[in-house]
Amino acid sequence: MLLPDFVKKDPWLEPHAPTIVGRLRKYFNKEKTLTGPGHSLSDFSLGHLYYGLHRTEQGWVLREWAPNASVIYLIGPFSEWETSEDYRFTHIERGVWELHLSPEVLKHGDLYKLHMCWNGGGGDRIPAWARRVVQDKETLTFNAQVWDPLRPYMWKNKAPASPGPPIIYEAHPGMATEAYNVGSWEEFRKQVLPRIETAGYNTIQLMAVQEHPFYGSFGYHVSSFFAPSSRF
């Protein structure tokens, strides 16, 4: 890899050129692995529209990208949390696995996980593109959850217009309360949003929106990128 121009133009960076080039090489190699020929990182970032659990006219389809897996099973209450050939994924191409299910197998609120096998081991995993993940209050383990209510949420307000130059206020919904508990979205709406607006801010940067197993990480250590945290 050639030395990047921004390193050539900055003498302060020149002593660190080997480290910078090494990290850039890792980045481009990972990008190549994730995207494949003819695709971009933008395509990969919209993967939740293809991967994960989706309703179909015939029932359900669940897809996962797991290039190192040898076998994948869907497990949950429907299988008594055991592997079954009835819920075994089919490997399609380039690490893409797919499972089609009849409509009665899953319903709103059901929990599920993937049991993956790979060369030298195996274990239970939450699907990478899960749209909802919840924690069991007794075992403290996380599971993916089917979210398919009879009456889907309908947006009540139009998206606001761009405010122009952003004046950003960073906030954490769960910590925005004086009580010794995890605050709710409703508490944030009533107690915090008015204060932010009164202070003159026009843009909010929310921490901890995505699901994260350790609350003390403030949401920086994300476990499920497409699942809003169920804590709030």
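Modeller: Let me begin with a word I will need: two residues touch, or are in contact, when heavy atoms of theirs lie within 4.5 Å. What we have here is a predicted model, in which local features need pLDDT of at least 70 and side-chain atom pairs count only at pLDDT 80 or more, while totals for chains, interfaces and linings use all residues. Residues are numbered from 1 along each chain as its sequence is written, and side-chain values use heavy atoms, with hydrogens and water left out.

Our part is S229, which sits in the segment after β13. Names like that one come from DSSP runs numbered from the N terminus: helices are H or I runs of at least four residues, and strands are E runs of at least two. S229 has a relative accessible area of 5%, so S229 is buried; the cut-offs are under 20% for buried and over 50% for exposed, with partly exposed in between, using a 1.4 Å probe and protein chains only. Leaving aside residues up to four places away in sequence, S229 touches A208, V209, Q210, E211 and H212. For a sense of distance, R125 is 104 residues from S229 in sequence, and their C-alpha atoms are 18 Å apart.

Two of the neighbours lead us onward. A polar atom of the S229 side chain lies 3.3 Å from the backbone nitrogen of R231. A polar contact is a pair of N or O atoms within 3.5 Å; within protein, one must be able to donate a hydrogen and the other to accept it, and residues adjacent in sequence count only if both atoms are side-chain atoms.

R231 also meets E211, one of the residues that S229 touches: E211 and R231 form a salt bridge, with their closest N and O atoms 3.5 Å apart. This pair links distant parts of the chain, 20 residues apart, with E211 in strand β12 (residues 210-211) and R231 in the segment after β13 (224-228). E211 is buried, with a relative accessible area of 1%, whereas R231 is partly exposed at 23%. A salt bridge here is a side-chain nitrogen of Lys or Arg within 4 Å of a carboxyl oxygen of Asp or Glu.

How many salt bridges does the structure hold? There are 7. One of them joins R55 to D148, with the closest N and O atoms 3.1 Å apart. R55 is in strand β1 (residues 52-55) and D148 in the loop between β9 and β10 (168-171), so this pair ties together parts that are 93 residues apart in sequence. R55 is partly exposed at 45%, and D148 is partly exposed at 27%. R88 and E85 form another salt bridge, at 3.4 Å between the closest N and O atoms; R88 is partly exposed at 37%, while E85 counts as exposed at 53%. There is also a network of salt bridges that links E186, R189 and K190.

I204, in strand β11 (residues 203-206), is partly exposed at 35%.

Lastly, the aromatic rings. Rings of Phe, Tyr and Trp (its six-membered ring) pair if their centres lie within 6.5 Å; planes under 30 degrees apart are stacked, over 60 edge-to-face, and the rest tilted. The count comes to 11 aromatic pairs. One of them, Y153 with W155, is edge-to-face, at 5.4 Å centre to centre and 85 degrees between the planes. Both of these residues, Y153 and W155, are exposed. The planes of Y169 and Y201 stand at 70 degrees with ring centres 5.0 Å apart, so this pair is edge-to-face. Y169 in strand β10 and Y201 in the loop between α4 (185-198) and β11 are 32 residues apart, and the pair links distant parts of the chain. Finally, F44, Y50, Y51, W65, W129 and F226 form one aromatic cluster.
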